[in-house]
Amino acid sequence: MGNIPAKFLAKMKNLLQAEYDNFMSSYEWPRVYGLRLNPLKIDADQWKQLSPMGENVRPVPWATEGYYYKEDERPGKHPHYHAGLYYIQEPSAMLPVELLDVRPGHRVLDLCAAPGGKTTQIAGKLKGEGVIVSNDNAAERTKALAKNIELSGVRNAAVLNEEPPALVPAFREWFDRILVDAPCSGEGMFRKDEGMAASWEKHSVERCTIMQRDILENASAMLAPGGLLVYSTCTFSPEENESQIADFLLRHPEFRVEEVRPPGGISPGRPEWIDAAASRELGADTTASLAGTVRLWPHLLEGEGHYAAVLRKSGETDSPRASLAIYEETQKEIVTPAVKRKKDKKRTEEARHARGGKSAVSEDDPISAWRKFAAEELQLDESAEAIHYGSIVYVPSVQLPSLDRLRVVRPGWYVGEAKKGRFVPSQALAMGLKRAESKRSISWNAESEEIQRYLKGETLFVRPEEMDIAQGAAAKGYVLVCVDGYPLGWGKYVDGMLKNELSSGWRQI
Ligand SMILES: C[S@@+](CC[C@H](N)C(=O)[O-])C[C@H]1O[C@@H](n2cnc3c(N)ncnc32)[C@H](O)[C@@H]1O
């Protein structure tokens, strides 16, 4: 680890004193690898029965669905990865969402979300109820974010590409839970990613501190009274951690630190590292409460360096929206045909805007095309209203506030596109379905040649009796192709041939 900046090492020596040598020894240790099971698809018992890998993993102490695996297992190459059964995630990075106390029905904002590790973890905790609004200000990175959401089969997410101040007017005090997994100087990642060490000077601590302050400021305005905000970084610098929270608490007396007592070698925050003037201004009790934030040290646990703080906003007691349906009812607008025409036109404009100005070709009534497809090809127990942006159809899980003037990547579950009077189902639809929700499906096991060939994009030859076909449905048509019963994508069956409909970006060449 010759390229760790000397300035960083000197700072750590000064902070850690007697503990410094121990800390430094962690750079010599091998990296650990983690994956998180996706509870929207599978639980631990089912996975262990299905996969030999399930026998060789160890649980991550602070993450319900987290496991350590050995590098040579290469789970990212396995068909179960392509079916979204798990997400590969650094073990320490699994903690912030565990602290967010997400419950089904919550409205959750993941403000700095790409590439989506924590968003997919949040979605698992929502169990399909409520909504996760997932935002990142880097347009390019929102592509990976949307793909990971789709891979995980999440139906109740919206993806935005905005600067936080632009979100505030639409979402003021709207969220029950907010995660700020902040851009940071990345000091905790030097062992995992040597590139982070090389770019440390560029992403200077000072620059990051200013960005984080602004992001937190906007996040606080979007949190409902009584709600929880978790702030996390993958860096050691006190300026981006305890001092950032101290500074926030000084500006926001309506927030307090909620003490974390996690298991597994996780350490308390270090109030003694904030500067004396801030400490005096905060007062002894609030300063001491910073010990209730947490640090993950690579020399004290199996994971990289992280920091997390849980902040509660004062106000009425927070609870999941037990009466969500009633609440949503009160939010519904009365839509007359004239209002609908106006809204459709506005959505088409938004779609054009979201695609960087390219014109969206609007087909004749994409919603009817979707409904017809759903009735003919699916067995969905859904009454949710679909919306369309041009020819593309989405199913939002709850009614969001108006997204006018926002850069919208996905306003809801992207189910497909109306094309010349046909409806073409999306990869996201396939991944979000359970096998039984498609009228036609076929499944092979993970080791089969058919699965390898399907993932490469090849056409397969199948007999109708190999497929599961709902009573009354014809053999010809869209087939949900599954591995061990979990969807991988679409095929189209005609006369003994299964044409491969796996989207090009999802194929394994
Ligand atoms: C630590 S990464 C997030 C990792 C992500 N939470 C996950 O678990 O996969 C920080 C992210 O913040 C984004 N970001 C930086 N500045 C931002 C801002 N002002 N508003 C929103 N996102 C921002 C970056 O593009 C980056 O994707």
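Is C234 buried or exposed? C234 is buried, because 25 other C-beta atoms lie within 10 Å. A residue is called buried if 20 or more other C-beta atoms lie within 10 Å of its own, exposed if 12 or fewer, and partly exposed in between, with C-beta atoms placed from the backbone. The model is predicted; local features need pLDDT of at least 70, side-chain atom pairs count only at pLDDT 80 or more, and totals for chains, interfaces and linings use all residues. Numbering starts from 1 along each chain as its sequence is written.

UniProt, in an unreviewed entry, places the feature "active site" at C234. UniProt positions are given here in the numbering of this text, with shortened feature names, and annotations may be inferred rather than shown by experiment. C234 sits in the loop between strand 9 (223-233) and helix 11 (242-251). Helices (H or I, at least four residues) and strands (E, at least two) are DSSP runs, numbered from the N terminus. Neighbours within four places in sequence aside, C234 is in contact with C184, G186, G188, M189, E304, G305 and H306. Contact means that the C-beta atoms of two residues, placed from the backbone, lie within 7 Å.

The unreviewed UniProt entry also places the feature "binding site" at C112, A113, A114, P115, G116, G117, K118, D136 and D181. These residues are spread over 70 residues of sequence, yet they cluster in space, with a largest C-alpha distance of 12.7 Å. A113 is found in the loop between strand 5 (107-110) and helix 6. A113 is buried, with 28 other C-beta atoms within 10 Å. Apart from neighbours within four places in sequence, the contacts of A113 are K118, T119, S134, N135, D136 and L145. K118 belongs to helix 6. K118 counts as buried because it has 25 C-beta neighbours inside 10 Å.

The shell around the ligand comes next. Of its 19 residues, C112, G117, A138, D181 and P183 come nearest. A residue is near a molecule or strand if its C-beta atom, placed from the backbone, lies within 6 Å of it. Helix 6 (117-126) and helix 10 (205-222) each supply at least two residues of the shell. By class, the shell has 11 nonpolar, three polar and five charged residues. Ala, Val, Leu, Ile, Met, Phe, Trp, Tyr, Cys and Pro count as nonpolar, Asp, Glu, Lys and Arg as charged, and the others, Gly among them, as polar.
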